[in-house]
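Trainee: I would like to go through this model with you. Shall we take the salt bridges, then the fold?

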Amino acid sequence: MELRGTRIIPELRGLRWRGTDDEGRDVVVVDPSRAMLARLLAKVEPDCAGRLTIVPDTAEHLPQLPDASFDGASALLAFFDMDEPGLALAEALRLLRPGGTLVITVPKAGFDVAPLMAFAERHLRETGRFEDRRDDWARISSVAPELESR
């Protein structure tokens with residue numbers, strides 16, 4: 001999928017975002033966990049810092065962000081862990097510009113995370129990024145079994 005535009009908003013819960021995407025778009029990160037946001041900030045490359053905005057809040061209520069101001073939004077394996085996922089969906093739709101892209105993934109009963117984890121690990125190793133992401137990989141690997149049990 002190709003995301004066009006200049007401003008995107010990922011839901012960080014469960015993800016480790018590098019600060020901006022590879023296309024140079026501005027990124028607004030929303031997450032209620034100050035600890036996760038601190039980890040993110042520690043990884044932001046200096047040349048990306050000016051294109052990253054952090055909102056330490058939940059995705060369910062984002063009144064500080066204007067309507068129709070984003071080209072894309074994502075909630076990857078996040079709605080299942082939110083108190084009010086319907087409100088988060090409504091906020092994402094409110095924030096998207098006409099024609100914007102919304103990407104949502106959710107675990108389901110019988111979700112087999114093993115092939116996804118194997119693919120991700122293989123890709124990280126093949127691209128030489130596994131060692132740089134070892135701590136992230138350990139955290140993701142520790143929660144993967146929980147996804148399978150839901």
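Mentor: Begin with aspartate 67, at a relative accessible area of 53%. This is a predicted model.

Trainee: Is aspartate 67 buried or exposed?

Mentor: The cut-off for exposed is over 50% relative accessible area. Aspartate 67 has 53%, so the residue counts as exposed.

Trainee: Which residue forms a salt bridge with aspartate 67?

Mentor: Look for a side-chain nitrogen of Lys or Arg within 4 Å of a carboxyl oxygen. Here the closest N and O atoms are 2.5 Å apart. The partner of aspartate 67 is arginine 94.

Trainee: How many residues apart in sequence are the parts that this pair ties together?

Mentor: Aspartate 67 sits in the loop between strand S3 and S4. Arginine 94 belongs to helix H2, so the pair links parts separated in sequence by 27 residues.

Trainee: Which side chain does aspartate 71 meet in a salt bridge?

Mentor: The N to O distance is 2.9 Å.

Trainee: In which strands do aspartate 71 and arginine 97 lie?

Mentor: The pair ties together parts that are 26 residues apart in sequence. Aspartate 71 lies in strand S4, and arginine 97 in strand S5.

Trainee: How many bridges join strand S4 to S5?

Mentor: S4 covers residues 70-76, and the two strands run parallel. One of the bridge pairs is phenylalanine 70 with leucine 96 in S5. The number of bridges joining S4 to S5 is six.

Trainee: Why are the buried residues of H2 on the same side?

Mentor: In H2, residues 85-95, the buried ones are Ala88, Glu91, Ala92 and Leu95. They are on the same side because they cover an arc around the axis of only 100°.

Trainee: Which residues make the nonpolar surface patch of about 310 Å²?

Mentor: One member is isoleucine 104, found in strand S5. Isoleucine 104 is partly exposed, with 34% relative accessible area. The patch is made by Leu89, Leu93, Ile104 and Val106.

Definitions and conventions. Residues are numbered from 1 along each chain as its sequence is written. This is a predicted model: local features need pLDDT of at least 70, side-chain atom pairs count only at pLDDT 80 or more; totals for chains, interfaces and linings use all residues. Side-chain values use heavy atoms; hydrogens and water are left out. Patches are made of residues with over 30% relative accessible area and no salt bridge: like charges are joined within 9 Å, nonpolar side chains (Val, Leu, Ile, Met, Phe, Trp, Tyr) within 5 Å. Accessible areas come from the Shrake-Rupley method with a 1.4 Å probe; for residues, only the protein chains shown count as cover. Helices (H or I, at least four residues) and strands (E, at least two) are DSSP runs, numbered from the N terminus. Buried means under 20% relative accessible area, exposed over 50%, partly exposed in between (1.4 Å probe, protein chains only). The arc is that of the directions from the helix axis to the C-beta atoms. Two strands pair if DSSP finds at least two bridges between them.
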